[in-house]
Amino acid sequence: MRAAVVGRPGQPPSLAERDEPSPAPGQVLVDVLAAPITPLDLLCASGTSYFGVPAVPYVPGVQGVGTVDGRTVWFPTTAGMAPGDGSMAGKAPAFEEDLVPLPDDVDPVALAALGLSAVAAHQALTWRGELTPGECVIVLGTGAVGQAAIQLARIAGAVRVVAAARSATGHARGLAAGADAVVSLDTTDFAELAARFTAAAPDAALLLDPLFGAPAAAATQALRPGGRWVNLGGSASETCPVSSSTLRGRSLRLSGYTNNELTRPQRADAITAVARWSAQGVLAVDHETVPLRDVTTAWQRQAAGSAQSRIVLVP
Ligand SMILES: NC(=O)c1ccc[n+]([C@@H]2O[C@H](COP(=O)([O-])OP(=O)(O)OC[C@H]3O[C@@H](n4cnc5c(N)ncnc54)[C@H](OP(=O)(O)O)[C@@H]3O)[C@@H](O)[C@H]2O)c1
């Protein structure tokens, strides 16, 4: 079968012919329909992740959509986090108990683009972030997590959703996803940035933050007393210049979120909800479909930030 193979940490995968994987006890072989290239895939293959340097060669892809015995399923893998192969191949091994059945009317590529990005957005908003109807939410970034979070905040009953983006394209993506306003992150002037957030989202109750860094610190200035700040990524920076007086002065609650803490039923419930909203046409993220044979250039574009949207590989 054809597969993307990472031969060396830090190098993009290349296409190779491989034997079909032999499923371990409890595993099945999934006929892959779609596999997204996500920041987690890039991080794991870089060899610099907190999971350590991956054993090579391996097939990347921490999630995918495929079929097993005629059923369409979403499936996770631990590729790059633990020894074993992932979803960027014609066939992928997955644990039977991890499979999530999908409705017939869901588009496999659209669902693959949403995948764990939408799960993270949903769980960080509603579970960790305790979003309640009528609240105002700030969503940083308009990548896959950001686009999903804007729509999911609305679905959860947010009365106002304010997005933030650094580029004109990102700005347009935020509005297309349904944000009431999009704060431009095109300045390094902290006071100016904070003023933009405060003007756009006075009395914000929840900050959904996949960026960290200066954008997050500025956005906290718009949070109301007791406001919640959920960080789930560091796309802008690994550190954040927030002041103690901001945190304690408004009794803000800062929490971290990772999909890795979800139980299997929590993750399955979230994927099932995401699939339902996807099929209903109320949840989608911009994506581009790319043949698996072009994995090397697709991976490089996603890593360089030059892809305009989430890339989904199809075998
Ligand atoms: N904790 C979890 O379980 C979990 C799950 C999924 C994702 N994540 C994390 O969440 C983050 C976002 O994931 P994603 O899937 O949405 O990634 P993505 O689709 O690649 O989007 C990244 C976003 O970050 C923006 N960005 C990058 N650098 C920036 C900077 N210096 N200043 C302002 N904006 C910047 C990008 O803006 P442009 O569009 O202008 O390039 C883009 O909107 C990643 O760090 C990812 O690892 C965490």
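Author: The shell around the ligand takes at least three residues from each of domain 1 (2-101 + 285-314) and domain 2 (116-259); these bounds come from an automatic or database domain assignment. This is a predicted model, in which local features need pLDDT of at least 70, side-chain atom pairs count only at pLDDT 80 or more, and totals for chains, interfaces and linings use all residues. Residues are numbered from 1 along each chain as its sequence is written.

Reader: What makes a residue part of the shell around the ligand, and which come nearest?

Author: A residue is near a molecule if its C-beta atom, placed from the backbone, lies within 6 Å of it. There are 30 residues around the ligand, and Ala120, Gly143, Val145, Gly233 and Asn259 come nearest.

Reader: Which helices supply residues of that shell?

Author: Helix 1 (39-46), helix 2 (108-128) and helix 3 (144-155) supply at least two residues each. Helices are DSSP runs (H or I, at least four residues), numbered from the N terminus.

Reader: How is the shell around the ligand divided by class?

Author: The shell has 14 nonpolar, 14 polar and two charged residues. Ala, Val, Leu, Ile, Met, Phe, Trp, Tyr, Cys and Pro count as nonpolar, Asp, Glu, Lys and Arg as charged, and the others, Gly among them, as polar.

Reader: Why are helix 2 and helix 3 called oblique to each other?

Author: Their axes, lines fitted to C-alpha atoms over the stretch in contact, come within 8 Å and cross at roughly 50°. Angles run from 0 to 180 degrees between N-to-C directions; those under 35 degrees count as roughly parallel, over 145 as roughly antiparallel, 65 to 115 as roughly perpendicular and the rest as oblique. Helix 2 and helix 3 are therefore oblique. Among the residues making the contact are Ala120 and His122 of helix 2 and Val145 of helix 3. The contact comprises 12 nonpolar, two polar and no charged residues.

Reader: What makes helix 2 oblique to helix 8 (residues 264-280)?

Author: The two pack at an angle of about 125°, with their axes 9 Å apart. Helix 2 is therefore oblique to helix 8. Their contact includes His122 of helix 2 and Arg267 of helix 8, and its residues divide into 10 nonpolar, three polar and one charged.

Reader: How many residues of domain 1 and domain 2 are in contact?

Author: Six residues of domain 1 are in contact with seven of domain 2, where contact requires C-beta atoms, placed from the backbone, within 7 Å. The C-alpha centres of domain 1 and domain 2 are 29 Å apart.

Definitions and conventions: Two residues are in contact if their C-beta atoms, placed from the backbone, lie within 7 Å.
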